[in-house]
Amino acid sequence: MTEHLYLHFPFCTGRCAYCAFVSGPPPRDIPAVIGALLREKETRGIPLLPLETLYCGGGTPALIGPEGFRRLAGSGLFTLRDGAEWTVELHPAAVTPELADTLAGLGVNRLSLGVQSFDDATLLRCNRRHTAAMALEAVRICRERIPDTGIDLIAALPGVTSTEWERTLETALALALPHISVYTLSVEEGSHWHRQGMEPPEPDAACDAMLTAADRLRRAGYERYETSNFAQPGFRCRHNLNTWHGGDYLGLGRGACSRLGRTRTDGTGHAEILDAVDDALERVLTGLRLSEGFSPERVVAAYPVLAPWRDRWEACLGTFRRQGLLDARNAPTDRGYEVLDALVRELLSRPE
Ligand code: SF4
(Lines give C-alpha, C1' and ligand atoms only; values in the text may rest on other atoms or scores of the structure.)
Protein backbone atom coordinates (compact mmCIF):
# COMPACT_ATOMS: atom_id res chain seq x y z
CA MET A 1 0.00 0.00 0.00
CA THR A 2 1.39 3.40 -0.86
CA GLU A 3 0.38 6.98 -1.49
CA HIS A 4 3.20 7.74 -3.93
CA LEU A 5 2.85 6.83 -7.61
CA TYR A 6 5.29 7.19 -10.50
CA LEU A 7 3.95 6.78 -14.04
CA HIS A 8 6.48 6.22 -16.81
CA PHE A 9 5.70 7.29 -20.37
CA PRO A 10 8.46 5.70 -22.47
CA PHE A 11 7.96 7.71 -25.65
CA CYS A 12 10.24 10.21 -27.40
CA THR A 13 10.30 11.93 -30.78
CA GLY A 14 14.00 11.13 -31.17
CA ARG A 15 16.95 10.02 -29.13
CA CYS A 16 19.15 12.46 -27.20
CA ALA A 17 22.80 11.58 -27.72
CA TYR A 18 23.52 10.86 -24.05
CA CYS A 19 20.33 8.96 -23.25
CA ALA A 20 20.02 5.26 -22.53
CA PHE A 21 16.56 5.34 -20.95
CA VAL A 22 13.86 2.92 -22.03
CA SER A 23 11.87 4.77 -24.67
CA GLY A 24 10.30 4.25 -28.08
CA PRO A 25 8.41 6.28 -30.70
CA PRO A 26 5.33 8.35 -29.85
CA PRO A 27 2.25 6.22 -29.10
CA ARG A 28 -0.37 5.88 -31.82
CA ASP A 29 -3.11 4.54 -29.55
CA ILE A 30 -3.43 6.73 -26.43
CA PRO A 31 -6.36 4.78 -24.88
CA ALA A 32 -4.19 1.65 -25.14
CA VAL A 33 -1.43 3.42 -23.15
CA ILE A 34 -3.84 4.27 -20.34
CA GLY A 35 -5.39 0.80 -20.54
CA ALA A 36 -1.96 -0.82 -20.14
CA LEU A 37 -1.30 1.24 -16.99
CA LEU A 38 -4.67 0.18 -15.55
CA ARG A 39 -3.97 -3.49 -16.32
CA GLU A 40 -0.49 -3.28 -14.84
CA LYS A 41 -1.86 -1.81 -11.64
CA GLU A 42 -4.43 -4.59 -11.42
CA THR A 43 -1.84 -7.30 -12.09
CA ARG A 44 0.53 -5.91 -9.50
CA GLY A 45 -2.34 -5.88 -6.98
CA ILE A 46 -0.86 -3.04 -4.93
CA PRO A 47 -3.59 -0.97 -3.24
CA LEU A 48 -3.13 2.76 -3.76
CA LEU A 49 -4.24 5.22 -1.10
CA PRO A 50 -5.42 8.67 -2.21
CA LEU A 51 -2.10 9.98 -3.48
CA GLU A 52 0.19 12.34 -1.64
CA THR A 53 2.39 12.61 -4.73
CA LEU A 54 2.07 11.63 -8.38
CA TYR A 55 4.99 11.96 -10.79
CA CYS A 56 4.57 11.53 -14.55
CA GLY A 57 8.03 11.03 -16.02
CA GLY A 58 9.58 9.77 -19.19
CA GLY A 59 10.40 9.67 -21.88
CA THR A 60 8.08 12.47 -22.85
CA PRO A 61 4.73 12.23 -21.05
CA ALA A 62 3.44 15.17 -23.14
CA LEU A 63 3.28 12.85 -26.15
CA ILE A 64 -0.03 11.49 -24.84
CA GLY A 65 -1.34 15.04 -25.46
CA PRO A 66 -4.10 16.98 -23.68
CA GLU A 67 -6.66 14.26 -24.48
CA GLY A 68 -4.36 11.60 -23.04
CA PHE A 69 -4.02 13.50 -19.78
CA ARG A 70 -7.78 13.99 -19.60
CA ARG A 71 -8.25 10.23 -20.07
CA LEU A 72 -5.56 9.48 -17.50
CA ALA A 73 -7.18 11.74 -14.90
CA GLY A 74 -10.61 10.20 -15.53
CA SER A 75 -9.42 6.59 -15.74
CA GLY A 76 -9.77 5.69 -12.06
CA LEU A 77 -6.07 4.74 -11.94
CA PHE A 78 -5.55 7.06 -8.97
CA THR A 79 -7.20 9.64 -6.78
CA LEU A 80 -5.38 12.61 -5.29
CA ARG A 81 -5.77 13.71 -1.72
CA ASP A 82 -6.15 17.41 -0.86
CA GLY A 83 -2.86 19.24 -1.24
CA ALA A 84 -1.28 16.45 -3.30
CA GLU A 85 1.71 17.22 -5.50
CA TRP A 86 1.27 16.24 -9.16
CA THR A 87 4.38 16.69 -11.27
CA VAL A 88 4.69 16.24 -15.03
CA GLU A 89 8.03 16.21 -16.86
CA LEU A 90 7.93 18.14 -20.11
CA HIS A 91 10.16 18.38 -23.16
CA PRO A 92 10.27 22.03 -24.33
CA ALA A 93 9.30 21.08 -27.90
CA ALA A 94 6.12 19.40 -26.64
CA VAL A 95 4.81 22.39 -24.68
CA THR A 96 1.76 24.18 -26.07
CA PRO A 97 -0.65 26.59 -24.38
CA GLU A 98 -3.41 24.01 -24.84
CA LEU A 99 -1.39 21.30 -23.09
CA ALA A 100 -0.41 23.60 -20.22
CA ASP A 101 -4.04 24.77 -19.84
CA THR A 102 -5.21 21.17 -19.72
CA LEU A 103 -2.61 20.15 -17.15
CA ALA A 104 -3.42 23.12 -14.93
CA GLY A 105 -7.17 22.39 -15.24
CA LEU A 106 -6.64 18.77 -14.19
CA GLY A 107 -4.75 19.76 -11.06
CA VAL A 108 -1.14 19.33 -12.15
CA ASN A 109 0.71 21.75 -9.88
CA ARG A 110 4.38 21.11 -10.64
CA LEU A 111 6.21 20.96 -13.96
CA SER A 112 9.77 19.93 -14.71
CA LEU A 113 11.14 21.03 -18.08
CA GLY A 114 14.14 19.22 -19.55
CA VAL A 115 16.10 22.24 -20.78
CA GLN A 116 19.65 20.88 -20.27
CA SER A 117 21.43 23.92 -21.80
CA PHE A 118 20.65 27.40 -23.10
CA ASP A 119 23.30 27.11 -25.81
CA ASP A 120 21.93 26.22 -29.27
CA ALA A 121 25.12 24.56 -30.55
CA THR A 122 25.23 22.35 -27.44
CA LEU A 123 21.55 21.44 -27.78
CA LEU A 124 22.15 20.45 -31.40
CA ARG A 125 25.16 18.28 -30.48
CA CYS A 126 22.98 16.57 -27.87
CA ASN A 127 20.20 16.01 -30.45
CA ARG A 128 17.76 17.65 -28.05
CA ARG A 129 15.36 18.69 -30.85
CA HIS A 130 14.73 22.16 -29.38
CA THR A 131 16.52 25.49 -29.20
CA ALA A 132 17.20 27.80 -26.27
CA ALA A 133 14.46 30.15 -27.52
CA MET A 134 11.97 27.25 -27.57
CA ALA A 135 12.93 26.37 -24.00
CA LEU A 136 12.44 29.97 -22.85
CA GLU A 137 9.05 30.12 -24.56
CA ALA A 138 8.07 26.78 -22.97
CA VAL A 139 9.05 28.13 -19.55
CA ARG A 140 6.92 31.23 -20.16
CA ILE A 141 3.87 29.23 -21.23
CA CYS A 142 4.17 26.83 -18.30
CA ARG A 143 4.77 29.42 -15.60
CA GLU A 144 1.76 31.48 -16.61
CA ARG A 145 -0.42 28.47 -15.83
CA ILE A 146 1.58 26.56 -13.22
CA PRO A 147 3.95 28.77 -11.21
CA ASP A 148 5.86 25.81 -9.72
CA THR A 149 7.76 25.17 -12.96
CA GLY A 150 11.39 24.11 -12.77
CA ILE A 151 14.07 23.06 -15.22
CA ASP A 152 16.81 20.45 -15.54
CA LEU A 153 20.32 21.33 -16.70
CA ILE A 154 23.28 19.08 -17.53
CA ALA A 155 26.76 20.06 -16.38
CA ALA A 156 29.96 19.12 -18.20
CA LEU A 157 28.41 18.47 -21.61
CA PRO A 158 31.13 17.91 -24.23
CA GLY A 159 32.54 21.01 -25.87
CA VAL A 160 30.98 23.39 -23.35
CA THR A 161 33.50 25.92 -22.06
CA SER A 162 33.26 27.30 -18.54
CA THR A 163 32.11 30.62 -20.05
CA GLU A 164 29.28 28.91 -21.91
CA TRP A 165 28.28 27.01 -18.77
CA GLU A 166 28.23 30.24 -16.77
CA ARG A 167 26.03 31.78 -19.46
CA THR A 168 23.56 28.88 -19.22
CA LEU A 169 23.50 29.28 -15.43
CA GLU A 170 22.97 33.05 -15.73
CA THR A 171 20.07 32.53 -18.14
CA ALA A 172 18.53 30.01 -15.75
CA LEU A 173 19.00 32.27 -12.74
CA ALA A 174 17.46 35.25 -14.54
CA LEU A 175 14.24 33.23 -14.79
CA ALA A 176 14.04 33.05 -10.97
CA LEU A 177 12.42 29.62 -11.12
CA PRO A 178 11.44 27.81 -7.93
CA HIS A 179 13.42 24.65 -8.74
CA ILE A 180 16.53 23.81 -10.77
CA SER A 181 18.09 20.35 -11.11
CA VAL A 182 21.68 20.08 -12.30
CA TYR A 183 22.96 16.66 -13.33
CA THR A 184 26.47 15.77 -14.33
CA LEU A 185 26.72 14.15 -17.73
CA SER A 186 27.26 10.42 -17.60
CA VAL A 187 27.87 8.50 -20.83
CA GLU A 188 25.55 5.55 -20.28
CA GLU A 189 25.98 2.23 -22.03
CA GLY A 190 23.41 2.06 -24.80
CA SER A 191 23.55 5.78 -25.57
CA HIS A 192 24.63 7.16 -28.94
CA TRP A 193 27.69 8.78 -27.41
CA HIS A 194 28.69 5.53 -25.72
CA ARG A 195 28.47 3.68 -29.03
CA GLN A 196 30.68 6.37 -30.56
CA GLY A 197 33.25 5.69 -27.85
CA MET A 198 32.90 9.06 -26.18
CA GLU A 199 34.70 9.27 -22.86
CA PRO A 200 32.85 10.54 -19.77
CA PRO A 201 33.76 14.09 -18.78
CA GLU A 202 37.09 14.56 -16.98
CA PRO A 203 36.32 14.28 -13.24
CA ASP A 204 37.94 17.68 -12.61
CA ALA A 205 35.87 19.37 -15.31
CA ALA A 206 32.65 17.77 -14.06
CA CYS A 207 33.50 18.71 -10.48
CA ASP A 208 34.30 22.34 -11.46
CA ALA A 209 31.04 22.66 -13.41
CA MET A 210 29.00 21.35 -10.47
CA LEU A 211 30.84 23.51 -7.94
CA THR A 212 30.21 26.57 -10.13
CA ALA A 213 26.52 25.70 -10.37
CA ALA A 214 26.21 25.07 -6.63
CA ASP A 215 27.92 28.36 -5.85
CA ARG A 216 25.83 30.47 -8.27
CA LEU A 217 22.57 28.85 -7.23
CA ARG A 218 23.24 29.15 -3.53
CA ARG A 219 24.13 32.81 -3.90
CA ALA A 220 20.80 33.31 -5.68
CA GLY A 221 18.90 31.88 -2.71
CA TYR A 222 18.53 28.24 -3.76
CA GLU A 223 18.98 25.46 -1.21
CA ARG A 224 20.92 22.44 -2.41
CA TYR A 225 18.63 19.88 -0.80
CA GLU A 226 19.94 16.87 -2.71
CA THR A 227 22.99 16.03 -4.82
CA SER A 228 21.48 17.40 -8.04
CA ASN A 229 18.52 19.39 -6.80
CA PHE A 230 18.26 23.05 -5.84
CA ALA A 231 15.08 24.75 -4.71
CA GLN A 232 13.87 28.05 -3.44
CA PRO A 233 12.53 27.61 0.12
CA GLY A 234 9.24 25.71 0.05
CA PHE A 235 9.70 24.23 -3.43
CA ARG A 236 11.42 20.89 -2.85
CA CYS A 237 10.02 17.99 -4.84
CA ARG A 238 7.93 16.01 -2.36
CA HIS A 239 7.75 12.94 -4.60
CA ASN A 240 11.50 12.57 -4.87
CA LEU A 241 11.98 13.44 -1.20
CA ASN A 242 9.80 10.46 -0.29
CA THR A 243 12.11 8.20 -2.31
CA TRP A 244 15.28 9.65 -0.78
CA HIS A 245 13.77 9.33 2.68
CA GLY A 246 13.44 5.62 1.95
CA GLY A 247 9.65 5.71 1.53
CA ASP A 248 7.63 3.25 -0.53
CA TYR A 249 6.35 4.10 -4.00
CA LEU A 250 4.71 2.26 -6.85
CA GLY A 251 5.99 2.71 -10.40
CA LEU A 252 3.82 1.80 -13.38
CA GLY A 253 4.77 1.81 -17.07
CA ARG A 254 7.58 0.17 -19.03
CA GLY A 255 10.85 1.16 -17.35
CA ALA A 256 9.38 2.24 -13.98
CA CYS A 257 10.97 1.11 -10.71
CA SER A 258 9.09 0.43 -7.46
CA ARG A 259 9.95 0.05 -3.80
CA LEU A 260 7.28 -1.61 -1.68
CA GLY A 261 8.10 -3.13 1.66
CA ARG A 262 11.20 -5.21 1.13
CA THR A 263 10.49 -5.70 -2.55
CA ARG A 264 12.50 -3.66 -5.03
CA THR A 265 11.47 -3.83 -8.68
CA ASP A 266 13.81 -2.46 -11.34
CA GLY A 267 12.95 -0.89 -14.68
CA THR A 268 12.91 -4.28 -16.43
CA GLY A 269 10.25 -5.64 -14.08
CA HIS A 270 12.74 -7.81 -12.19
CA ALA A 271 11.68 -8.00 -8.53
CA GLU A 272 14.02 -8.76 -5.67
CA ILE A 273 13.14 -9.30 -2.02
CA LEU A 274 15.79 -7.78 0.21
CA ASP A 275 16.70 -9.14 3.62
CA ALA A 276 16.02 -6.90 6.63
CA VAL A 277 19.58 -5.51 6.76
CA ASP A 278 19.90 -4.70 3.04
CA ASP A 279 16.43 -3.17 3.04
CA ALA A 280 17.28 -0.89 5.97
CA LEU A 281 20.71 0.01 4.59
CA GLU A 282 19.33 0.98 1.22
CA ARG A 283 16.56 3.10 2.70
CA VAL A 284 18.88 4.86 5.11
CA LEU A 285 21.77 5.56 2.80
CA THR A 286 19.70 7.21 0.08
CA GLY A 287 19.13 9.81 2.80
CA LEU A 288 22.81 10.71 2.61
CA ARG A 289 22.09 12.45 -0.69
CA LEU A 290 20.03 14.97 1.24
CA SER A 291 21.09 18.14 3.00
CA GLU A 292 19.21 17.10 6.13
CA GLY A 293 22.19 15.35 7.68
CA PHE A 294 22.80 11.79 8.82
CA SER A 295 22.36 10.77 12.45
CA PRO A 296 23.49 7.22 13.32
CA GLU A 297 21.55 7.54 16.56
CA ARG A 298 18.27 8.30 14.79
CA VAL A 299 18.94 5.65 12.16
CA VAL A 300 19.53 2.90 14.71
CA ALA A 301 16.42 3.98 16.63
CA ALA A 302 14.40 3.59 13.41
CA TYR A 303 16.19 0.42 12.24
CA PRO A 304 17.56 -1.52 15.25
CA VAL A 305 18.89 -4.16 12.84
CA LEU A 306 21.60 -1.63 11.87
CA ALA A 307 22.97 -1.30 15.44
CA PRO A 308 26.23 -3.12 14.53
CA TRP A 309 27.01 -0.32 12.03
CA ARG A 310 26.77 2.50 14.52
CA ASP A 311 30.37 2.66 15.85
CA ARG A 312 31.80 2.27 12.38
CA TRP A 313 29.55 5.04 11.05
CA GLU A 314 30.51 7.43 13.86
CA ALA A 315 34.20 6.84 13.06
CA CYS A 316 33.75 7.27 9.28
CA LEU A 317 31.57 10.35 9.67
CA GLY A 318 34.18 11.95 11.95
CA THR A 319 36.85 11.38 9.30
CA PHE A 320 34.65 12.80 6.54
CA ARG A 321 33.87 15.88 8.66
CA ARG A 322 37.57 16.50 9.32
CA GLN A 323 38.20 16.20 5.57
CA GLY A 324 35.58 18.89 4.94
CA LEU A 325 33.32 16.45 3.06
CA LEU A 326 30.47 16.64 5.59
CA ASP A 327 29.25 19.54 7.68
CA ALA A 328 28.53 19.46 11.42
CA ARG A 329 25.14 17.75 10.79
CA ASN A 330 26.79 15.10 8.60
CA ALA A 331 25.26 16.58 5.45
CA PRO A 332 27.55 16.63 2.40
CA THR A 333 29.35 19.88 1.65
CA ASP A 334 29.65 20.86 -2.02
CA ARG A 335 33.01 19.03 -2.09
CA GLY A 336 31.41 16.07 -0.33
CA TYR A 337 28.69 15.87 -2.97
CA GLU A 338 31.40 15.44 -5.61
CA VAL A 339 32.62 12.23 -3.93
CA LEU A 340 29.31 11.08 -2.51
CA ASP A 341 29.38 7.64 -4.15
CA ALA A 342 32.72 6.90 -2.45
CA LEU A 343 31.38 8.07 0.92
CA VAL A 344 28.30 5.87 0.60
CA ARG A 345 30.44 2.87 -0.44
CA GLU A 346 32.57 3.34 2.66
CA LEU A 347 29.53 3.57 4.92
CA LEU A 348 27.92 0.55 3.29
CA SER A 349 30.82 -1.82 3.89
CA ARG A 350 30.00 -4.38 6.54
CA PRO A 351 31.36 -3.98 10.07
CA GLU A 352 33.75 -6.80 11.07
S1 SF4 B 1 16.76 12.36 -22.51
FE2 SF4 B 1 14.54 12.33 -22.28
S3 SF4 B 1 13.77 13.23 -24.20
FE4 SF4 B 1 15.89 12.63 -24.58
S5 SF4 B 1 15.75 10.57 -25.49
FE6 SF4 B 1 16.05 10.34 -23.26
S7 SF4 B 1 14.01 10.14 -22.40
FE8 SF4 B 1 13.79 10.98 -24.48
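Which side chain meets that of Arg289 in a salt bridge? I began my entries with this pairing, keeping in mind throughout that the model is a predicted one.

**Entry on Arg289 and Glu226.** I found that the partner is Glu226, and that the N to O distance in this salt bridge is 2.6 Å. I then looked up where the two residues sit, and noted that they link distant parts of the chain, with Arg289 in the loop between helix H10 (276–285) and helix H11 (296–302) and Glu226 in strand S7 (residues 223–226), 63 residues apart. Turning to accessibility, I recorded Arg289 as partly exposed, with a relative accessible area of 33%, whereas Glu226 is buried, its relative accessible area being 1%.

**Entry on Arg218 and Asp334.** I next looked at a salt bridge in which the side chains of Arg218 and Asp334 meet, at 2.5 Å from N to O. Because Arg218 belongs to helix H8 and Asp334 to helix H13 (residues 334–338), I wrote down that this pair ties together parts that are 116 residues apart in sequence. Arg218 is partly exposed at a relative accessible area of 41%, while Asp334, with 17%, is buried, since the cut-off for buried is under 20%.

**Entry on Glu346 and Arg312.** Here I noted a salt bridge whose closest N and O atoms are 3.6 Å apart, formed by Glu346 with Arg312. Glu346 lies in helix H14 (residues 340–348) and Arg312 in helix H12 (residues 310–322), so I marked the pair as tying together parts that are 34 residues apart in sequence. I recorded Glu346 as partly exposed, with a relative accessible area of 38%, and Arg312 as partly exposed too, at 22% relative accessibility.

**Entry on the count and a network.** I looked up how many salt bridges there are in the model, and the count comes to 27. I also noted a network of salt bridges that links Asp248, Arg259, Arg264, Glu272, Asp279, Glu282 and Arg283.

**Entry on a charged patch.** Which residues gather in a patch of negative charge on the surface? I listed Glu199, Glu202, Asp204 and Asp208 as the residues of this patch.

Methods. Residues numbered from 1 in each chain as written. Predicted model: local features only at pLDDT ≥ 70, side-chain atom pairs only at ≥ 80, totals over all residues. Heavy atoms only, no water. Patch = residues over 30% accessible without salt bridge, like charges linked within 9 Å, V, L, I, M, F, W, Y side chains within 5 Å. Areas by Shrake-Rupley, 256 points an atom, 1.4 Å probe, with all protein chains shown as cover. Salt bridge = Lys/Arg side-chain N within 4 Å of Asp/Glu carboxyl O. Lys, Arg positive; Asp, Glu negative; His and termini not counted. Charge placed at Lys NZ, Arg CZ, Asp CG, Glu CD. Helix = DSSP H or I, 4+ residues; strand = E, 2+ residues; numbered from the N terminus. Buried < 20%, exposed > 50% of the residue type's maximum accessible area, 1.4 Å probe, protein only.
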